[in-house]
Amino acid sequence: MAWERKHLLDIQSLSAEEILTVLDTARAFKAVGERAIKKVPALRGKTVVNLFIEPSTRTRISFELAAQRLTADVINFSAEASSLKKGETLKDTARNLQALNADIIVIRHSASGAPHFLARFLEASVVNAGDGAHEHPTQALLDAFTIRERKGKIEGLNVTILGDILYSRVARSNIWAMTKLGARVTLCGPSTLVPRVFEQMGCRVTYDVNEAIADADIINLLRIQHERQRQTMFPSIGEYTSLFGLTQARLARTKPEALIMHPGPINRGVEIDSEIADSKRSLITEQVTNGLAVRMAVLFLINGGQGPQGVAA
Amino acid sequence: MRRVLTRIAHEIAERNENSGDVVLVGIQRGGVFLARRLASTLTTIWNQPVPIGELDVSMHRDDLDHRASRIDMKPTIIPFDVTGKTVILVDDVLFSGRTTRAALDALNDFGRPQRIQLAVLVDRGHRELPIKADFVGKNVPTAAQERIDVRFEEEGGADGVTLEKA
C-alpha cells in the first residue's frame with residue numbers, strides 16, 4: 001500500500017486506502033509500546049516541533065511521546081511562552097522553526113486552516129493536531145483504529161456521535177473517517193449544536209437521544225466546549241445532562257455490544273455517567289493508548305520516503 | 001525450493017546440537033514463510049517443536065529517506081524470550097545486508113541472544129556491510145540493477161524464484 005503524502009492536514013482529502021494504511025502501520029507501532037524497550041530508531045536525528053498555539057495537554061503529550069519513541073528530538077512550543085505574545089506572526093514563527101532545520105511541525109491552532117497555511121510555504125512536514133472547529137485528523141484515526149481493533153471492521157457499523165457537533169473538530173474528522181470507511185453515522189445533540197447542514201456530509205441528524213443510540217454499535221460522546229461557544233447554546237448543564245447525557249438508564253436501552261468512546265477530557269456527570277466511563281464498555285483509556293500508536297504511525301509515514309533534504313527514491 | 005529448504009534444515013540441525021535452544025525468526029515477509037517451512041522440517045528432525053517469531057524491520061532501517069515510500073508494515077511477533085537462545089534469522093534474499101543489520105538491531109530490543117545465525121534462500125551478492133550468511137540456499141550472481149523476485153505458495157500461486165533483467 002502506498003503513502004505518498006508529506007503532510008497530514010485533514011481526513012477530508014484522504015482516501016479510504018490511505019486511512020487503512022495508517023491503521024495497519026499503527027498496529028505495528030502499538031506492539032512496540034508493549035515491549036520492554038519501547039523505542040525504535042525510525043526518526044533518529046529528526047527534529048519534531050510541537051507548535052501548540054492553542055493550549056492542549058493530552059494531544060501534546062501524546063505527540064511528544066510518539067516522537068520520542070521514534071528517537072526524534074522534540075521541542076515543545078506553547079503560545080504563552082513564545083514570541084507570538086510579542087507580536088510575531090505565525091508565518092514568521094514557523095519560518096524561524098524551519099531555520100532551525102525542524103523536519104516535522106505538529107501544529108494546534110484555534111484558527112481553521114492554520115496547518116494548511118503552513119504547509120504551503122514550509123519545507124518541513126506539517127501535522128494538524130487540531131485547527132479550530134475544522135479537523136483533528138489524528139483523533140479520528142485513533143478512533144477508527146480503536147473501533148477496528150475491537151469490532152474487527154468499520155464497514156456497516158452504526159456510529160452515533162453525541163454532543164457538541166457544531167464546535168467540534170473531532171466530530172468533523174470522525175464523520176469523514178467513518179463515512180469513508182463505510183460506517184453509518186448518526187449525529188445527535190441540542191439542535192443549536194447539531195445543525196441539519198451536517199446531513200450534507202452523509203450523516204443522519206436526530207434530536208432524540210434514545211433513538212440515536214438504540215441501534216448504535218459505537219457511541220462517541222463529545223464534550224461541551226464551553227470555551228468555543230460565543231453564547232449559551234442551551235439553557236443549562238443540568239438540562240443538557242437530563243436530555244442528552246449518557247446515563248445508566250439510557251445505556252440499558254442500547255445494544256449490549258455497543259461500546260462507548262470519548263476523546264477526552266471527560267466531564268463526569270455531564271455528558272457521561274461516572275460508572276459508565278469506568279465500565280467494560282468504555283474504550284476511553286484504550287483510545288489514549290491507541291492515540292500514541294497512531295501518532296507514531298503518522299510521524300513515521302510522513303517522514304518515510306521524503307526526507308527533509310528532499311531525497312527521493 | 002523444497003529440496004533446498006530440506007538441506008538448510010539439516011545444516012541447521014548439524015550446526016546446532018542443543019536443539020532446545022534454537023528459535024527461528026523470519027524477516028517479513030518472505031522470511032516468515034521460509035521460517036515456518038524450516039521449522040516444520042526441524043520439528044521432524046529434532047522430534048520437538050521449534051518456536052517461530054516474525055520480525056518487521058521497517059522501523060529499524062537506515063534508508064527510510066532514500067526508499068520509495070512503499071511501506072507495508074507487518075506485525076512483529078516474538079512470542080518467546082530470545083535471551084540466551086540461538087536465533088536463526090531467516091530471509092528470502094540477501095543483497096546489501098542492510099535488512100539483516102536492521103534485523104540485528106531490532107532483535108537487540110527483545111533481549112540478548114546467545115548467538116545469531118543467518119539463513120537465506122538466495123544470496124545475490126553486492127554486500128554493502130560486513131555480513132555473511134551461515135546457511136545459503138543458492139548463490140545467484142546478479143547485476144546490481146537486476147531484480148530477484150521470490151514467490152511463495154502461501155501468497156497464492158506456485159513457489160518460484162525469478163531474476164528480472166534491468
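Residues 24 or more positions apart supply 67% of the contacts in chain B that have a separation of 6 or more, a contact being a pair of residues whose C-beta atoms, placed from the backbone, lie within 7 Å. In chain A, the corresponding share for residues 24 or more positions apart is 75%. This is a predicted model, in which local features need pLDDT of at least 70 and side-chain atom pairs count only at pLDDT 80 or more, while totals for chains, interfaces and linings use all residues. Residues are numbered from 1 along each chain as its sequence is written, and chains are lettered from A and ligands numbered from 1 in the order in which they are written.

**Overall architecture**

- Chain B contains 3 helices and 7 strands, where helices (H or I, at least four residues) and strands (E, at least two) are DSSP runs numbered from the N terminus.
- The radius of gyration of chain B, taken over C-alpha atoms, is 15 Å, close to the 15 Å from the globule rule (2.2 Å times the number of residues to the power 0.38) for 166 residues, so chain B is as compact as a globular protein of that length.
- The order of elements in chain B, starting at the N terminus, is α-β-α-β-β-α-β-β-β-β.
- Along the principal axes, the C-alpha atoms of chain B fill a box of roughly 45 × 35 × 30 Å.
- Of the 166 residues in chain B, 40% are buried; a residue is buried if 20 or more other C-beta atoms lie within 10 Å of its own, exposed if 12 or fewer, and partly exposed in between, with C-beta atoms placed from the backbone.
- Chain A has 11 helices and 9 strands.
- For the 313 residues of chain A the globule rule gives 20 Å, and the radius of gyration is close to this at 19 Å, so chain A is as compact as a globular protein of that length.
- The box filled by the C-alpha atoms of chain A is roughly 55 × 45 × 35 Å along the principal axes, and 49% of its 313 residues count as buried.

**Helix packing in chain B**

- The axes of α1(B) (residues 2-15) and α2(B) (residues 30-46) come within 9 Å and cross at roughly 55 degrees; axes are lines fitted to C-alpha atoms, for helices over the stretch in contact, and angles run from 0 to 180 degrees between N-to-C directions.
- That angle makes α1(B) oblique to α2(B), given that angles under 35 degrees count as roughly parallel, over 145 as roughly antiparallel, 65 to 115 as roughly perpendicular and the rest as oblique.
- Residues of α1(B) that meet α2(B) include L5(B), I8(B) and I12(B), and their counterparts in α2(B) include L34(B), L38(B) and W46(B).

**Backbone exceptions**

- Most residues other than glycine have a negative phi, and most peptide bonds are trans.
- The bond between G264(A) and P265(A) is cis, with omega about -5 degrees, and P265(A) lies in the loop between β9 (259-261) and α10 (274-277) of chain A.
- Another cis peptide bond runs from Q28(B) to R29(B), with omega near 5 degrees; R29(B) belongs to the loop between β1 (22-27) and α2 of chain B.
- N101(A), which is not a glycine, has a positive phi of about 65 degrees and counts as exposed, with 12 C-beta neighbours inside 10 Å.

How values were computed:
Contact = placed C-beta atoms within 7 Å.
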